[in-house]
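Thanks, everyone. Let me put the model up and walk through it. Please hold comments until the end.

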Amino acid sequence: MERKIKRNILLIFAAMIVIAGIIGFMIWNEPHRDIKDATALKTTAVLLYSNLTKDSTSMKSRFVNQVVEVSGEVKLVSENQNGDQIILLKTNISGGSVNCTMEEKINNAKPGDSISIKGICSGYIGGDPDIDLPGDVFLTRCYPSI
Amino acid sequence: MKKMILLWMLFAFTNINADAQVYYTKNGNVSFFSKTVLENIDAENNQVISVLNTETGSLQFSLLNNAFHFPKAKMEADFNEDYIESDKYPRSTFKGTITNLSDVNFNKDGSYSVKVNGDMTVHGVTKNISVPGTIVIKNGNVSATSSFKVLVNDYKIKIPSIVSDKIGESIEVKVSCNYQKK
């Protein structure tokens with residue numbers, strides 16, 4: 001009888017360890033946020049840029065780390081060193097852009113196009129006022145928004 | 001007359017100087033790597049603003065901590081919430097100068113070893129560091145790379161002991177920028 005109880009306790013412990021292991025493994029291997037199908041905060045490149053360059057922290061927190069869908073006019077299409085497509089969207093500051101690093105390339109995107117891009121807004125980095133270089137607002141893991 | 005020519009030359013020379021040679025990128029790359037018993041941690045940020053002045057040797061980097069991308073979502077969340085605290089300290093920056101600027105000929109193709117000294121601010125802590133780097137000039141294009149080690153303790157980044165075997169105390173940082181002329 002006593003042996004049976006001991007065995008059961010051991011079994012329960014073993015089961016708990018296995019469950020904890022599985023949960024830990026699942027948390028550790030949790031996939032990245034799904035951008036493509038996420039609901040996004042809709043805005044325009046001009047508005048997003050002016051919001052994030054303003055000193056209001058409440059506006060900043062509204063967009064930063066959120067999935068946003070930004071519509072605007074393409075200023076430049078290029079590539080970073082990893083071969084990821086970079087699309088710059090025009091703002092009302094010349095030299096300042098919404099800088100999008102694409103996770104899924106937009107084929108035939110060219111300057112002048114009106115497009116919509118979905119991605120995570122990481123925030124604004126100021127440029128260098130000494131050399132008259134405005135900063136950019138950055139979007140990571142971007143997808144074309146259809 | 002000689003004095004006039006000298007004065008004119010001086011004037012012409014300062015004029016060239018005033019036309020500062022400034023290069024920049026807004027999509028530079030900074031990555032870091034940490035080898036651990038359990039798993040290697042490798043994160044990358046491709047949205048680094050860097051400005052290089054080839055006249056004065058001043059060199060600046062600025063990045064958003066939350067733009068580092070990790071292979072695993074959990075690593076990324078832990079990094080932002082627990083270690084670098086990117087809500088509190090959104091940016092990491094470096095402001096410095098190339099100390100052996102005269103060794104670099106920006107008008108001649110080649111690979112030049114440089115030393116860079118300056119202040120790095122990470123997690124609200126500013127430290128003066130000296131790191132080696134390489135500047136490559138190819139067909140008039142300027143690019144720069146650097147690789148150095150950072151101790152997490154130097155920047156008051158606290159790592160709970162339960163995971164400290166996962167995260168190396170010393171992190172290898174790599175910087176790579178392709179510049180364009182301003």
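Start at A:Asp132. It is exposed, with 10 other C-beta atoms within 10 Å. The cut-offs: 20 or more other C-beta atoms within 10 Å of a residue's own is buried, 12 or fewer is exposed, in between is partly exposed, and C-beta atoms are placed from the backbone. A:Asp132 sits in the loop between S5 and S6 of chain A. Helices (H or I, at least four residues) and strands (E, at least two) are DSSP runs, numbered from the N terminus. The phi of A:Asp132 is positive, about 60 degrees, although A:Asp132 is not a glycine. For background, most residues other than glycine have a negative phi.

Two housekeeping points. This is a predicted model, where local features need pLDDT of at least 70, side-chain atom pairs count only at pLDDT 80 or more, and totals for chains, interfaces and linings use all residues. Residues are numbered from 1 along each chain as its sequence is written, while chains are lettered from A and ligands numbered from 1 in the order in which they are written.

Chain B has a positive phi as well. B:Asn139, a residue other than glycine, has phi near 50 degrees. Where is B:Asn139? In the loop between strand S6 (125-138) and S7 of chain B. B:Asn139 counts as exposed, with 5 C-beta neighbours inside 10 Å.

Next, B:Asn141. B:Asn141 lies in strand S7 of chain B, residues 141-151. Buried or exposed? B:Asn141 is partly exposed, with 13 other C-beta atoms within 10 Å. Now look along the chain to B:Ile159. B:Asn141 and B:Ile159 are 18 residues apart in sequence, and their C-alpha atoms are separated by 41 Å.

Back to the strands of chain A. S5(A) is largely enclosed by the rest of the structure, because 9 of its 12 residues are buried. What does S5(A) pair with? Strand S2 of chain A (residues 67-79) pairs with S5(A) in the antiparallel sense, over 7 bridges. Pairing here requires that DSSP finds at least two bridges between the two strands. In that pairing, A:Ser114 in S5(A) stands opposite A:Glu73. S6(A) also runs antiparallel to S5(A), joined by 7 bridges. There, A:Tyr124 has A:Val137 in S6(A) as its bridge partner.

Now helix H2 of chain A, residues 45-53. Which residues of H2 are buried? A:Ala45, A:Leu48, A:Tyr49 and A:Leu52. Seen down the axis of H2(A), these buried residues fall within an arc of 95 degrees, so they line one face of the helix. The arc is that of the directions from the helix axis to the C-beta atoms. In general, an α-helix has 3.6 residues a turn, so residues three or four places apart point the same way.

Leaving out residues up to four places away in sequence, A:Leu48 touches A:Thr43, A:Phe63, A:Val68, A:Val70, A:Val98 and A:Val137. Contact means that the C-beta atoms of two residues, placed from the backbone, lie within 7 Å.

Chain B in overview. Its secondary structure comes to 2 helices and 9 strands. From the N terminus on, the order is α-β-β-β-α-β-β-β-β-β-β. Of its 182 residues, 30% count as buried.

Which strands does S1(B) pair with? One is strand S2 of chain B (residues 41-53), antiparallel to S1(B) (residues 22-34), with 10 bridges. B:Tyr24 has B:Val51 as its bridge partner there. Strand S8 of chain B (residues 170-178) pairs with S1(B) over 5 bridges, again in the antiparallel sense. Strand S9 of chain B (residues 180-181) pairs with S1(B) in the antiparallel sense over 2 bridges.

Last, the interface. 26 residues of chain A are in contact with 23 residues of chain B.
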